[in-house]
Amino acid sequence: MKAQKAAPWLLLTPFLAFFTLAFLLPILYAVWQSFTRVRLSGLFGEDGATTSFAGFDNYAKALGNPEFTASIGRVLLFGAVQVPLMIALATVLALLLESASAKWPRFFRAAYFMPYGVPGVIATILWSFLYVPGLSPFLDLAESLGITVDVLGPSTVLWSIANIVTWTYTGYNTLIIVAQLKAIPGDLYEAARVDGAGPWQIARSIQLPLIRPALMLTVVFSIIGTLQIFAEPKILREVSPAINNDYTPNLAAYNSAFNYNEYNVAAAQAVLIALAAFVLSYAFLYLSNRKAGRR
Amino acid sequence: MSAKDRAGARAADPRQRRANAGSTILVTGILVVVSVYFLVPAYWIVVAATKTTEDLFTTNGFWFAPTTHLTENVTRVLTYDDGIFLRWFANSVLYAGIGGLVATLFAAAGGYALAKYAFRGREAVYGLVLGGVLVPATATALPLFLLFSELGLTNSYWSVLIPSVVSPFGLFLCRIYAAATVPDTVIEAARIDGAGEMRIFATLGLRAMVPAMVTVFLFQLVGIWNNYFLPLIMLADPDLYPLTLGLNNWYAQVERLPEFYELTTGGVLVSTVPLVAAMFVLQRFWRGGFTEGAVKE
């Protein structure tokens, strides 16, 4: 009996130790830092630094920076457009792949999933070559048809980033939805057919309701992913002057920490990003559960 | 599910019936068009990696140049700067391999404990870890850097490895899976036979959880392999870089030194081939994980 009491903690210890080190402590540290300020004495701080309580000053400073608030608006806009589009595409692809009419579903599934294995950094480098005039065969083709497009300009580059994210993650989301579709018992389809339901009705009244958990999971993960967008704008900056140092919240936090050495403001920004992820994820789960409950 | 099982399941599947030629052509046609979107960039990089920088800008991007420089380009990628590329590759393998393996073991042990023991604080631990799933990794990376710099751990293998061995999502999956697949009666029987708790976990628990562990391992492997933010802020020494950071270093120089175009296209090709090949093979094992265990096939 004693062994049975100690066993779960023994099994949990390695995970919890590293979870504490890599999650809990950094979060607590960030919260603490975000409420303090460091004052250096002496011309170059050589007389040591003093830390004092700063209240909400760092948050005020972060949110008072128009570039940072603009970056929040930018990722919200990005998420409002890209996430629904990507999840809709992934859902349609999953339904098509699992339909009777699809030939070679295994090949297509693998082809769609392939970009997930390409790191965001490398996907961005790859796509950036396809965005640069003179290098991109797509832009050359458009040019020869008399269309000049600037996919790296101030009004377009956000959607060029959206394209990279969609390219990378659609197949991954498709796979999650396919897994849930495969778990639907065959006799449900049989019963629907006996009742005379066609493919559309089966998709609408059987498949879509039953893949809801997978859809919610993919949406929540996409929301969290959207708030953290970093690699794509950071690397596209090399070719697009339209991207500034504070293009996304994460880039802004990185910028505060490593270009301005304002670690306390950066900590406040990191806390705000985490809070936004929590609030948006919970709001989405709450709203979709309420909607489901009413039905 | 093996190919044979699958064929059997399909034959019995009512969805298989009455697929007429028209809808087959339509659906498959859509799938083909969509696959062009996903495959063309990959095709382009294969073509681009065979070209010199000059050809890259002067010849049609969709087709090969009159002369092929694939071997030269790949050789330069592998030998440039005393083979730094291979070092980056080895670092990525080290971070992703060790990180993924250790994270899987930790998650399996923790998930099993949460699923198979009733103890005080169980729900509190679970709630805490679930909260961890929702915290953006990049939000913890910055404070982690500040913390590690106080501990003197930055710019070392440890600074990337330590955060990589924790997978809250993995623990979540393992808990669901263990609850569904490891029967309490079997554990009780083993206890009556005198087996210790750790032995029961190591023999019965781990064996039953292999499918979930494969999923967790793959998730973590790809997550670490693709990571950029964490190594970027932790590492200053190029000898410690993973591939993502190294290639970005090369890419950042193309503006000034055009020969880096060849290195970057070649490097992108060489570094994506193994992972893309792995994705093609491994996606069979990748059942999304989320539905694993909760609904058994």
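The model is predicted: local features require pLDDT of at least 70 and side-chain atom pairs count only at pLDDT 80 or more, whereas totals for chains, interfaces and linings use all residues. Residues are numbered from 1 along each chain as its sequence is written, and chains are lettered from A in the order in which they are written.

**Chain A**

- Chain A contains 13 helices and two strands, these being DSSP runs numbered from the N terminus (helices: H or I, at least four residues; strands: E, at least two).
- Along the principal axes, the C-alpha atoms of chain A fill a box of roughly 85 × 80 × 35 Å.

**Contact between chains A and B**

- Chain A contributes 85 residues and chain B 87 residues to the contact, where two residues are in contact if their C-beta atoms, placed from the backbone, lie within 7 Å.
- On the side of chain A that touches chain B, helix α1 (residues 2-34) of chain A gives the most, with 20 residues.
- That side of chain A comprises 63 nonpolar, 14 polar and eight charged residues (nonpolar: Ala, Val, Leu, Ile, Met, Phe, Trp, Tyr, Cys and Pro; charged: Asp, Glu, Lys and Arg; polar: the others, Gly among them).

**Helix α4(A) against α2(B)**

- Helix α4 (residues 105-113) of chain A packs on helix α2 (residues 21-48) of chain B at about 30 degrees, with the axes 9 Å apart; axes are lines fitted to C-alpha atoms over the stretch in contact, and angles run from 0 to 180 degrees between N-to-C directions.
- α4(A) and α2(B) are therefore roughly parallel (angles under 35 degrees).
- A:Phe108, A:Ala111 and A:Tyr112 meet B:Leu31, B:Ser35, B:Phe38 and B:Leu39.

**Chain B**

- Helices α4 (residues 70-116) and α7 (residues 157-164) of chain B pack at about 35 degrees, with their axes 8 Å apart.
- B:Tyr95, B:Ile98, B:Gly99 and B:Ala103 of α4(B) contact B:Val160, B:Leu161 and B:Ser164 of α7(B).
- An unreviewed UniProt entry places "domain: ABC transmembrane type-1" at residues 89-281 of chain B; such annotations may be inferred rather than shown by experiment.
- Residues 89-281 of chain B are 79% helix and 0% strand, with the end C-alpha atoms 20 Å apart.

Notes:
Parallel < 35°, antiparallel > 145°, perpendicular 65-115°, else oblique.
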